[in-house]
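Work through the exercises below with the model open. Try each task before reading its solution.

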Amino acid sequence: MTREPRRPGPIRWIGYAFGRRLPDSMRDWVRRDLTGDHAAARHVLRGMVPFTPLFAAFLLFPGELWLRGSMVLLALLLALFYTVAFMPMNRAHRLAKHGFPQDLRNPAQARRADADRARYAARYGH
């Protein structure tokens with residue numbers, strides 16, 4: 001029976017989303033968060049948190065609701081674009097910040113890639 005790693009509370013998680021380092025007692029959780037299944041989806045969700053005050057501020061602008069909604073939508077699309085575009089660099093930075101190698105991979109994906117490489121080498125002799 002494997003024990004789930006200790007999770008950060010809501011306040012710590014928000015700090016983590018803004019780039020703060022979590023304590024060493026949560027290293028296993030950070031490793032799973034950054035390399036586990038669905039890490040990309042978690043990264044996108046975490047990447048949107050720092051933009052929420054901006055989205056809320058756009059809703060307070062004067063004007064029609066559709067115009068304010070359009071501003072939020074445009075900001076959301078730009079935030080999503082940059083969050084996804086810089087995912088590998090942000091992930092490597094977070095891993096290094098928590099004392100892990102920057103190229104740490106998901107164990108299951110690493111095994112599949114190694115098996116694929118071995119099959120390729122066996123088939124084509126490289």
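Predicted model: local features only at pLDDT ≥ 70, side-chain atom pairs only at ≥ 80, totals over all residues.

**Exercise 1. Which residues are linked with Asp33 in a network of salt bridges?**

Step 1. Start from one pair. The side chains of Asp33 and Arg42 form a salt bridge, at 3.0 Å from N to O. Step 2. Arg46 joins Asp33 and Arg42 in the network. Step 3. Asp33 has 5% relative accessibility. Buried means under 20%, so Asp33 counts as buried. Arg42, at 26%, is partly exposed.

**Exercise 2. Where do Asp116 and Arg119 lie, and how many residues apart are they?**

Step 1. Locate them. Both sit in helix H7, residues 107-124. Step 2. Take the spacing. They are 3 residues apart, about one turn of the helix. Step 3. Inspect the side chains. Step 4. Asp116 is partly exposed at 43% relative accessibility. Arg119, at 52%, counts as exposed. Step 5. Check the confidence. H7 has the lowest in the protein, at a mean pLDDT of 86. H5 has the highest, at 96. The protein as a whole averages 91, and 95% of the residues score at least 70.

**Exercise 3. Why do the buried residues of H6 line one face of the helix?**

Step 1. List them. In H6, residues 87-97, the buried residues are Met87, Ala92, Arg94 and Leu95. Step 2. Look down the helix axis. The buried residues of H6 fall within an arc of 165 degrees, so they line one face. Step 3. Find what they pack against. Their partners are helix H1 (10-17), helix H2 (27-35), helix H3 (39-48) and helix H5 (65-85). Step 4. Follow the chain onward. Just after H6, Gly99 takes a positive phi of about 85 degrees.

**Exercise 4. Is Thr83 buried or exposed, and which residues does Thr83 touch?**

Step 1. Thr83 is found in helix H5. Step 2. Read its accessibility. At a relative accessible area of 6%, Thr83 is buried. Step 3. Leave out residues up to four places away in sequence. Thr83 then touches His43, Val44, Gly47, Met48 and Phe51.

**Exercise 5. Which residues form the nonpolar patch on the surface, and how many of them come from H5?**

Step 1. Name the members. They are Leu74, Leu78, Phe81, Tyr82, Phe86 and Met89. Step 2. Take the area. Together they have about 630 Å² of accessible area. Step 3. Sort by helix. H5 supplies the largest share, 4 residues. Step 4. Pick an example. Phe81 lies in H5. At 52% relative accessibility, Phe81 counts as exposed.

Conventions
Residues numbered from 1 in each chain as written. Heavy atoms only, no water. Buried < 20%, exposed > 50% of the residue type's maximum accessible area, 1.4 Å probe, protein only. Helix = DSSP H or I, 4+ residues; strand = E, 2+ residues; numbered from the N terminus. Arc of directions from axis to C-beta. Contact = heavy atoms within 4.5 Å. Salt bridge = Lys/Arg side-chain N within 4 Å of Asp/Glu carboxyl O. pLDDT = per-residue confidence, 0-100. Patch = residues over 30% accessible without salt bridge, like charges linked within 9 Å, V, L, I, M, F, W, Y side chains within 5 Å. Areas by Shrake-Rupley, 256 points an atom, 1.4 Å probe, with all protein chains shown as cover.
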